[in-house]
Amino acid sequence: MLEPSHVRYVRDGDVGVITLARQPLNTYDGAFHVDFQEAWREAKRDDSKAVVMLAAGRHFCAGAELKDPKPAPDGATVLPAPEEIRLIKSVMKPTIAAVHGGCIGGGQRMVWPCDLIFCTEDAFFRDPTASMGIGGIQSHLHTWFYGPRLAKEMIYSGGRLPARRLYQLGQVNRLYPDVETLHSEAMAFAHDVAKQNPAALRQAKRAADITMDIQGQHYVTSRMDELLDEFPQLKLRMID
């Protein structure tokens, strides 16, 4: 069973709903990722026809838990980042990330593999890792999804990349005025999509994903270790 303090997975008819529920900031650690990955496995193996990932609390995800991180329970296995991304991408049904507040640091890798991204108008993406002495940990993923100039701006400055800018570039699908509207509209969209022929949706998703891989996207995750500095100097601190 999933532990409600971390991540919940429930069904709403034909739609699977993954809720990040480690309020108020939804920071992640080993214990969180065990629940998070199991939620996506459940979404993958059940007969839901679409999946919405949303969050309770102040932020969608404020990054890593640095104050009091909890390890994975004894006997549990946590997939490394590239494998977690592949797990989400392997769910062959439409997936929607509904993002409000901040999506910071490694929280972004939970969102990138989803098919669609809906945001509140005040949502933002941020990666302050350069101030911690590490610049390459996710720079390659930022570059693919945001483009090199926006990625460098965010990484160099540690500042916020507003969802509105990504919406203007087509990297965010829809913007909504508040969290309640975001969640209700994401669910309504998912239920509409779930009425489509599941085989047609799988075919459409597979075709789009293979096209991205032909353009080289799979190299970004399969060669992550090469893109990291060998001995980064970590200066970890809590993210504001």
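A residue is called buried here when its relative accessible area is under 20%, exposed when the value is over 50%, and partly exposed in between (1.4 Å probe, protein chains only). Helices (H or I, at least four residues) and strands (E, at least two) are DSSP runs, numbered from the N terminus. The model is predicted, so local features need pLDDT of at least 70 and side-chain atom pairs count only at pLDDT 80 or more, while totals for chains, interfaces and linings use all residues. Residues are numbered from 1 along each chain as its sequence is written, and side-chain values use heavy atoms, with hydrogens and water left out.

Glycine 147 follows α4 and has a positive phi, near 90°.

Next come the sheets, where two strands pair if DSSP finds at least two bridges between them. Six strands make up an open sheet with mixed pairing, in the order β1-β2-β3-β4-β6-β9. Its edge strands, β1 (7–12) and β9 (174–176), each pair on one side only. On average, neighbouring strands of this sheet are turned by 20° against each other, direction ignored. Within the sheet, β3 (residues 50–55) and β4 (residues 95–99) pair in the parallel sense over three bridges, and methionine 53 has alanine 97 in β4 as its bridge partner. Helix α1 (residues 30–45) lies across β1, β2 (15–20), β3 and β4, and runs at about 20° to β1. For such angles, axes are lines fitted to C-alpha atoms, for helices over the stretch in contact (heavy atoms within 4.5 Å). The angles run from 0 to 180 degrees between N-to-C directions.

Another open sheet, also mixed in its pairing, has three strands in the order β5-β7-β8. Because β5 (102–104) and β8 (160–162) stand at the edges with a single partner strand each, one side of each is left without a neighbour in the sheet. The twist from one strand to the next averages 25°. Strand β5 pairs with β7 (residues 124–126) in the parallel sense over three bridges, and the bridge partner of isoleucine 104 in β7 is arginine 126.

Rings of Phe, Tyr and Trp (its six-membered ring) pair if their centres lie within 6.5 Å; planes under 30 degrees apart count as stacked, over 60 as edge-to-face and the rest as tilted. By this rule there are six aromatic pairs. One of them is the edge-to-face pair of phenylalanine 118 and tyrosine 176, at 6.0 Å centre to centre with 65° between the planes. Since phenylalanine 118 lies in strand β6 (residues 116–120) and tyrosine 176 in strand β9, the pair ties together parts that are 58 residues apart in sequence. Phenylalanine 118 is buried at a relative accessible area of 1%, and tyrosine 176 is buried at 10%. Ring pairs also link Trp112, Phe125, Phe145 and Tyr146 into a cluster.

Finally, the cysteines can be considered. With a disulfide defined as a pair of cysteine sulfur atoms within 2.5 Å, a search of the whole structure finds zero disulfides. For cysteine 103, the nearest cysteine sulfur, in cysteine 61, is 6.2 Å away. Cysteine 103 is buried, at 0% relative accessibility. The sulfur of cysteine 114 is 9.9 Å from the closest cysteine sulfur, in cysteine 103, which is too far for a bond. Cysteine 114 also counts as buried, at 7% relative accessibility.
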